[in-house]
Amino acid sequence: MKKTASWTITTRTCLFLAILSLTAAASIGSYMALTQIWSKQLASFKQKYAAEQSHHLLYTLRERMKNGADRSESIKILEDASRHFAVPIRYVGEDRQTMILDLVDPAWLSRPGLFSVEAPLVLDGEIDGYLTSYYDTAEGAYSPAIRQLEEQLERRGRTVLILFLSAAFAVSLLASWRWSRNISASSDAAETIVTSNQLSPIPVRGTKEIRVLMTTINHLIDRFERHESWRNQLMQDLTHELRTPLTAVLSQLDAIIDGIYPLTADQIQRILVDIERLYRLVEDMEKLSEAEGAQFELNKQEVNLSRIVQGIYEGFLFLTREKNIRFDYVPSKTPCYLQADPDRIAQILSNVMYNAIKYTPSGGKIEVGVVHEEDSILVFCKDTGMGIPEEELGRIFDRFYRADKSRSRDSGGLGVGLSIAKALVEAHQGNIWAESQIGKGSVFWIRLPVQQSFQLDSSKPA
C-alpha cells in the first residue's frame with residue numbers, strides 16, 4: 001500500500017506568507033494612491049496646457065484676420081489653424097447661435113476625457129464670434145510633450161511598484177526570520193533531545209507564549225529525569241525485593257527435596273511468609289499499573305463518607321494499639337453524603353491512614369476526622385510523625401517516591417500508596433495535599449466535591 005506523503009509548513013514560512021500578503025497589499029494600495037495623485041496632477045497640467053494652446057490659437061487667428069478678411073477667407077484661416085494646432089474647433093457668431101464653422105466629429109463629444117475651452121475672438125476691438133477648442137486629455141494626442149510626460153509617468157509607476165514589492169519581500173523575509181528564529185531554535189533543541197537522547201534544557205527566549213512553552217518543556221524534562229531516576233531506583237529495589245524471598249523459597253524447597261530439612265509446619269510457615277512478601281510486591285505493582293494507566297472504573301453511588309471513615313478507623317485500631325499509638329476519630333456534626341465509589345474511597349483512606357501509622361513512632365498520636373463544607377467534604381489525617389522536609393513535600397504523591405527510604409524495605413512497600421490515592425481522588429474530581437513540619441508531624445487533607453450529589457438529590461421528589 002502506498003504511503004501518502006504528509007506536507008507540513010513551517011512557522012517561518014507561515015509568517016513570511018502572512019507578512020508578505022499584508023505588505024504586498026499595503027504596497028499595491030500605496031502604488032494605487034500614488035498613481036491617483038499623479039493622474040490628478042497630470043489632468044490639471046493637461047487642462048492648463050489646453051488653455052494655453054487655446055490662447056495661442058486665438059492669438060494666431062487675430063494676427064491673420066486683423067486685416068479685415070471676408071467670411072470665406074476667415075473660414076479658411078480657421079481651418080488652417082485647426083490643422084496646424086491639431087485641435088478640432090467650433091466657431092459661432094456673436095449671438096452664440098449662428099454656426100460659422102464646425103470641425104468637431106460628433107463621436108468626440110462622447111469621450112470621457114474631453115476638455116473644452118471657449119473664448120471670444122476680438123477683431124478691431126469688437127467680438128467677431130466665439131471659438132471653442134476641444135482637447136482629448138485622456139490621450140494627449142494634441143501635444144508630443146504631454147505624450148512624453150505620460151510615458152515617463154508610466155515608467156516611473158512601474159519602477160515604484162517594483163521597488164514597493166521588493167521592499168515588501170525583503171521586509172517579510174527579515175521579519176519572519178527574526179520573529180521565528182526563537183521557535184526554530186527551540187524546535188531544533190527539542191529535536192536534538194529526541195534524536196541524541198540528551199535531556200538538556202531548552203533556552204527560554206522569545207515572546208510570552210513561546211517562553212511559557214519552553215518553560216513547560218523544561219519542566220517536563222526535569223520531571224522526566226526525576227521519574228527516570230525513580231524508575232531506576234524502583235528496578236533496583238524491586239530486583240532486590242524479589243531476589244531475597246525467591247532465593248529463600250528456592251533454597252528451602254531444594255533442601256526439603258534433597259532431604260536436608262524435614263517437611264515440618266515451621267518450614268512451611270517460613271516458605272509462606274516469603275511467598276506472602278512476594279504477593280505484596282506483585283499487588284503493589286498491579287495497583288501502580290492501574291493508577292498510572294487510569295484503568296480503574298468508578299462505581300459511584302450515594303454514600304455516607306463519615307461512616308466509611310469510621311469503618312477504616314476501626315479497622316486500623318488493632319494495628320495502632322500494637323504500635324502503642326493513640327488513634328482518635330473526630331466525626332462530623334452533620335451527615336456527609338456524596339456520590340462516590342465506596343471501595344475506592346476506602347482504598348484512598350486506607351492508604352493515607354496506613355501511611356500515617358507507618359511513619360508515626362510508638363507513643364505518638366494520629367487523628368482523623370470529617371469536616372462538611374458548603375460544596376465539598378474534607379477528610380483530614382493528622383499525625384505526630386517525623387514530618388516531611390519542605391523541599392520534598394510536593395513530591396510525596398509522585399510514583400515510586402518514599403520520604404523515609406531507610407524504612408521502605410522493612411515495610412515491604414514500593415512507595416506507591418499515596419500516588420494511587422491521588423489518582424483515585426482526582427478521578428472523583430477532588431484533590432489531596434499535605435502540610436508538614438519536621439519533628440512535629442504531618443496533616444493530609446482530602447477534599448471531595450458534593451455538587452453532583454446535590455444535583456441528584458434536587459431531582460428527587462420531596
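**Strands, sheet and packing helices in a predicted model**

Trainee: What share of the contacts in the chain joins residues 24 or more positions apart?

Mentor: Contact means heavy atoms within 4.5 Å; of the contacts with a separation of 6 or more, residues 24 or more positions apart account for 67%. This is a predicted model, in which local features need pLDDT of at least 70, side-chain atom pairs count only at pLDDT 80 or more, and totals for chains, interfaces and linings use all residues. Residues are numbered from 1 along each chain as its sequence is written, and side-chain values use heavy atoms, with hydrogens and water left out.

Trainee: What makes S9 and S11 a pair?

Mentor: Two strands pair if DSSP finds at least two bridges between them. Strand S9 (residues 376-383) and strand S11 (residues 441-449) have seven bridges in the antiparallel sense, so they pair. Leu378 stands opposite Arg447 in S11.

Trainee: What joins S10 to S11?

Mentor: Seven bridges join strand S10 (residues 431-437) to S11, and the two run antiparallel. Ile432 stands opposite Ile446 in S11. S10 and S11 form a hairpin with three residues between them, and Gly439 in the turn has a positive phi of about 85 degrees.

Trainee: Why are S2 and S3 called edge strands?

Mentor: The open sheet of four strands has the order S2-S1-S4-S3, with antiparallel pairing. Strand S2 (99-102) and strand S3 (114-123) each pair on one side only.

Trainee: Which strands does H1 lie across?

Mentor: Helix H1 (residues 11-65) lies across S1, S3 and strand S4 (126-136), running at about 30 degrees to S3. Axes are lines fitted to C-alpha atoms, for helices over the stretch in contact, and angles run from 0 to 180 degrees between N-to-C directions.
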